[in-house]
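Please keep it open beside you as you read.

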Amino acid sequence: MMTQIVFYVMAASAVVCALACILQRNPVAAAMWLVGTMFSLAGIYVLLNAQFIGAIQILVYAGAIMVLFLFVIMLLNLGHNASDLRRWPAFGLAVGVSTALLTTLAGLRFYTPARLAAEVAGASASQDPARVLAGGTAAQSAMDSLGVVGAIADPLFRTYLVPFEITSVLLLTAAVGAVVIAKRRI
Amino acid sequence: MLLGPALILSAILFSIGVVGVVIRRNAIILFMCIELMLNAVNLSFVALAQFHGLSGQVMVFFVMTVAAAEAAVGLAIILAVFRHRQSVDLQNINLLRG
Amino acid sequence: MSLPVLAFASAAAGGSPGGAISLIGLTILLPFLGFLANGALALRRPDAKSAVSLIGVGTVALSFGVALAAFGQALGAHLEGPALIRLWSWIPAGALTVDVTLQVDQLSLVMLLVITGVGSLIHLFSVGYMKADPGYARYFAYLNLFIAFMLTLVLGASLPVMFIGWEGVGLCSYLLIGFWYGDKANADAGKKAFIVNRIGDFGALVAMFLLWQTLGTLNFAEIAERAPTLLEVGGPTVTAITLLLFLGCTGKSAQIPLYTWLPDAMAGPTPVSALIHAATMVTAGVYLVVRTNVLFAMAPTAQMVVAGVGALTALFAATIGLRQYDIKKVLAYSTVSQLGYMFLAVGSGAYVAGIFHLVTHAFFKALLFLGSGSVIHTMHHAYHATHAHEDPQDMRNMGGLRRYMPWTFGLMAIATLAIAGVPILSGFFSKDEILALAFGRAPDAPIWYLFWGMGALAALLTAYYMARLMAMTFFGANRTGPAEQTHLHEAPWIMTGPLLVLGVLSAVGGVLNLPAYFPAGPHHLLDHWLEPVVAPAAAFLRLELPPGSTEYLLIGVAVAIALIGLVLGHRLTLGEAIVAARQAAPERGFWKLLHNKWYVDELYQEFIVDPLVRLSHSILWRVVDQRVIDGAGANGSAWISRQLGRLGGRLQTGEAGAYLVVFLLGAVWVLHAVTR
């Protein structure tokens with residue numbers, strides 16, 4: 001019960017911050033509103049039993065990426081002179097696209113764990129419906145035994161080791177690339 | 001528990017991000033809307049990770065990493081373009097006009 | 001040249017009679033090769049006249065030889081059904097399979113002999129007549145091509161193959177009528193012939209479509225088999241088919257309403273008029289009706305239409321011939337009139353009588369035309385020598401020519417007596433049989449009395465105008481002029497020789513189908529010969545001669561008409577004072593109406609041709625062609641392409657943001673599609 005209320009509050013906050021973000025004229029204000037969205041989302045992650053991810057969200061997203069955004073905004077010295085919203089055809093398009101999206105995705109509100117399990121079982125015969133729900137209990141037991149961080153680290157360094165290493169190479173490449181692109185003189 | 005509402009919230013946030021991309025001309029704010037979309041997807045992953053196992057959360061981990069890399073490079077590009085055109089308004093960045 | 005060998009082999013394999021009959025394709029091939037050879041000579045060496053003559057006459061003479069051999073073989077073999085020689089497959093289109101197959105039966109042999117025989121004689125005549133013409137080789141090329149096509153027409157075993165020949169002879173007719181195309185009037189006459197024929201051909205084509213639809217076949221043999229079972233006697237379908245076929249016949253055989261091209265066709269060389277417009281091409285319509293006799297026998301209404309149109313045309317054309325002064329025009333209208341007799345015959349169901357008259361008419365009409373050709377040749381020569389510019393074809397410029405051209409006079413006199421229907425000569429027997437059988441149909445419906453009456457009246461007029469022609473040309477005082485008289489002489493033997501042969505045939509041709517009452521000789525030869533061909537129709541027709549006494553009465557009437565007409569024509573013509581053409585007074589009153597052909601050409605021009613031209617110009621050209629096809633179609637599609645291109649170009653803004661939006665739209669759409 002309590003979790004539900006907290007969830008809805010966080011959700012409302014996230015939506016409000018997101019809307020404010022896309023409608024702000026000032027880029028700095030928009031960045032700040034986005035940070036608010038991320039904080040709300042971090043709270044929701046914690047509610048959804050993803051505490052590590054929640055922490056990472058704040059550390060990386062809000063703390064690094066958004067800061068980077070702010071650096072660039074301030075570096076470019078962008079003011080808030082004229083409105084940079086597109087003219088009305090874009091508005092119509094936006095309404096249309098969002099309506100399409102929401103109607104497509106509207107079916108998501110009916111999802112319960114049981115239905116999910118049934119769908120997964122129906123989709124691939126190899127997946128045992130019980131195992132779907134069992135994944136959650138296995139996750140819980142992993143967290144109990146290895147701790148919150150350990151539960152993530154275990155698959156990260158075992159099953160997903162190769163993607164992990166590749167991601168590190170990717171980060172290196174991105175760093176070098178960003179430096180090269182942004183230099184005044186190569 | 002909380003699966004349906006979480007997924008719906010993810011859909012709403014994603015839609016908001018799409019609307020933002022469509023209606024904004026400022027490149028940096030456009031970028032922020034894209035980050036919003038990524039966040040919405042992260043929320044979906046996390047919500048389903050409760051049932052499918054922790055690989056969902058590992059996926060979120062990777063998404064965040066890649067988003068960071070992408071944000072860095074993207075902002076570097078915007079910087080470079082700004083030096084040429086003195087503007088980040090997308091209407092002025094039309095060198096691809098054929 | 002492997003085709004005849006193939007044909008022979010296939011014939012031997014297929015079980016049809018070998019020998020000359022299976023080589024019948026040679027009769028078409030030889031003249032066609034002659035056309036190619038003469039055509040090449042016409043282009044390369046137009047003055048190689050002896051080579052051209054040899055090829056031109058030789059190929060047709062050889063064809064006649066093959067035809068005789070085939071005839072001889074058929075006489076001995078007693079063919080029951082037609083001998084089919086399949087040459088190659090032409091249209092294998094699902095249910096419609098048309099092969100190029102030649103059919104040799106009694107009827108096609110008769111036509112074959114007439115075409116190649118009379119054709120050879122006319123080719124020989126042309127060697128003399130066209131000697132001085134620069135287009136000599138071209139002339140013989142076209143003439144050979146005509147023979148090839150005409151033979152295709154009569155030897156075709158199915159309507160499409162026959163139609164190839166039908167159209168082909170129309171083409172050759174156009175080429176030969178407009179032979180001296182330097183003069184626009186000749187070219188116009190050629191065009192007129194072709195276009196008027198086209199109207200008839202439309203009818204023939206629609207009839208073919210109907211036949212295909214109802215009977216599922218276009219072969220003559222199969223049509224004769226299936227029609228009695230699949231078509232209703234007297235029903236709308238068979239009546240429509242036959243009437244449409246007859247429309248084609250009116251075009252090709254110059255009956256009302258499509259006869260107007262034939263008098264104009266006299267613009268061509270006279271041997272052409274003899275061959276095409278007297279002996280062969282114009283008889284194609286009669287041949288078609290006899291070929292499809294079962295269909296006509298099943299449609300009594302159509303029969304009456306055919307006979308009625310034939311009788312009316314016979315009378316109508318005869319009236320016009322009464323007052324023409326150009327010798328060839330008289331003969332042209334005479335041809336139209338005699339063709340009317342043939343259609344009266346086939347309309348009454350007397351198919352054999354129609355073919356009989358076709359053969360005898362070929363003899364005496366060719367003789368008349370060739371004779372007039374000799375006359376014109378001499379007159380032309382005379383005027384050329386004195387550098388006068390009179391019309392060598394106008395009979396008012398002739399007169400008393402029997403003193404200068406005795407042989408021509410004598411032979412043309414035989415032909416005149418034949419066409420008038422004087423007893424013992426060929427025309428008497430054929431014309432008499434037609435009129436008697438038409439009269440014999442009268443118990444079915446009284447209208448046949450009217451048709452007989454029209455035929456009898458036309459016979460009277462025929463005798464009259466032919467006697468008038470002879471009187472004006474050969475009797476009386478010579479009006480050509482004293483200077484020219486020294487140059488008038490008999491035609492060379494190469495021209496008079498064929499006339500001699502035709503004269504003999506015109507005289508004794510009646511032996512082909514002597515009636516029962518004739519005291520001597522073999523009777524009803526042609527009737528017996530063509531019996532298998534007209535047998536399918538016999539089931540539906542009852543053809544009877546009138547009872548003996550009535551028949552003798554009719555014969556007496558016919559003979560009386562012939563003699564009265566001849567005498568009247570001779571006396572009245574010589575009685576009036578004929579002046580040379582240049583000084584002649586213009587016609588007046590009723591004579592003017594006849595002389596101007598009842599103004600039919602003018603009526604057609606006013607009510608059909610001119611409105612069509614106006615319609616074409618203002619609607620079909622301005623609106624349909626320019627606005628719809630060019631404007632909306634060609635230019636319009638270009639305009640649409642350009643607009644679409646412009647629209648598409650708008651997408652290429654170059655703005656990254658716009659591209660991003662499109663990308664997003666695509667992604668949303670894919671998402672939508674995937675989550676269905």
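A residue counts as buried if 20 or more other C-beta atoms lie within 10 Å of its own, as exposed if 12 or fewer do, and as partly exposed in between. Keep in mind that this is a predicted model.

**One residue in chain C: Gln485(C)**
- Gln485(C) has 14 C-beta neighbours inside 10 Å, so it counts as partly exposed.
- This residue sits in helix 20 of chain C, which covers residues 482-485.
- Once neighbours within four places in sequence are set aside, Gln485(C) is in contact with Asn478(C) and Thr480(C).
- From Gln485(C) to Gly373(C) there are 112 residues in sequence, and 18 Å in space from C-alpha to C-alpha.

**Helix 26 of chain C**
- Helix 26 of chain C spans residues 600-651 and has a kink of about 45°, centred on Gly636(C).
- Zero of the 52 residues of helix 26 of chain C are buried, so this helix lies largely in the open.

**The hairpin in chain C**
- Strand 1 (residues 83-93) and strand 2 (residues 96-104) of chain C pair in the antiparallel sense, with nine bridges between them.
- Arg86(C) has Thr101(C), in strand 2 of chain C, as its bridge partner.
- Two residues lie between the strands of this hairpin, and Gly94(C) takes a positive phi near 65° there.

**Domains of chain C**
- The domain assignment divides chain C into domain 1 (1-157), domain 2 (158-595) and domain 3 (603-674).
- Between the C-alpha centres of domain 1 and domain 2 of chain C the distance is 24 Å.
- Where these two domains of chain C touch, domain 1 contributes 39 residues and domain 2 contributes 49 residues.
- On the side of domain 1 of chain C that touches domain 2 of chain C, the elements giving two or more residues are strand 2, helix 4 (106-129) and helix 5 (136-155) of chain C.
- Helix 4 of chain C supplies the largest share of that side, 16 residues.
- Sorted by class, that side of domain 1 of chain C holds 27 nonpolar, ten polar and two charged residues.

**Chain B on its own**
- Chain B has three helices and zero strands, and its pattern along the sequence reads α-α-α.
- How does the radius of gyration of chain B stand against that of a compact globule of 98 residues? Chain B has 17 Å, while such a globule would have a value near 13 Å.
- Along the principal axes, the C-alpha atoms of chain B fill a box of roughly 50 × 25 × 20 Å.
- Of the 98 residues in chain B, 67% are buried.
- For contacts in chain B between residues at least 6 apart in sequence, 46% join residues at least 24 apart.

**Where chain A meets chain B**
- This contact draws 74 residues from chain A and 62 residues from chain B.
- The elements of chain A that give two or more residues to the side touching chain B are helix 1 (2-23), helix 2 (27-47), helix 3 (51-76), helix 4 (88-105), helix 5 (113-123), helix 6 (129-157) and helix 7 (161-182).
- Helix 3 of chain A gives the most to that side, with twelve residues.
- By class, the side of chain A that touches chain B has 63 nonpolar, eight polar and three charged residues.

Conventions: Residues are numbered from 1 along each chain as its sequence is written. Chains are lettered from A and ligands numbered from 1 in the order in which they are written. This is a predicted model: local features need pLDDT of at least 70, side-chain atom pairs count only at pLDDT 80 or more; totals for chains, interfaces and linings use all residues. Two residues are in contact if their C-beta atoms, placed from the backbone, lie within 7 Å. Helices (H or I, at least four residues) and strands (E, at least two) are DSSP runs, numbered from the N terminus. Ala, Val, Leu, Ile, Met, Phe, Trp, Tyr, Cys and Pro count as nonpolar, Asp, Glu, Lys and Arg as charged, and the others, Gly among them, as polar. The bend at a residue is the angle between axes fitted to the seven residues ending there and the seven starting there. Two strands pair if DSSP finds at least two bridges between them. Domain bounds come from an automatic or database domain assignment. The radius of gyration is taken over C-alpha atoms; the globule rule is 2.2 Å times the number of residues to the power 0.38.
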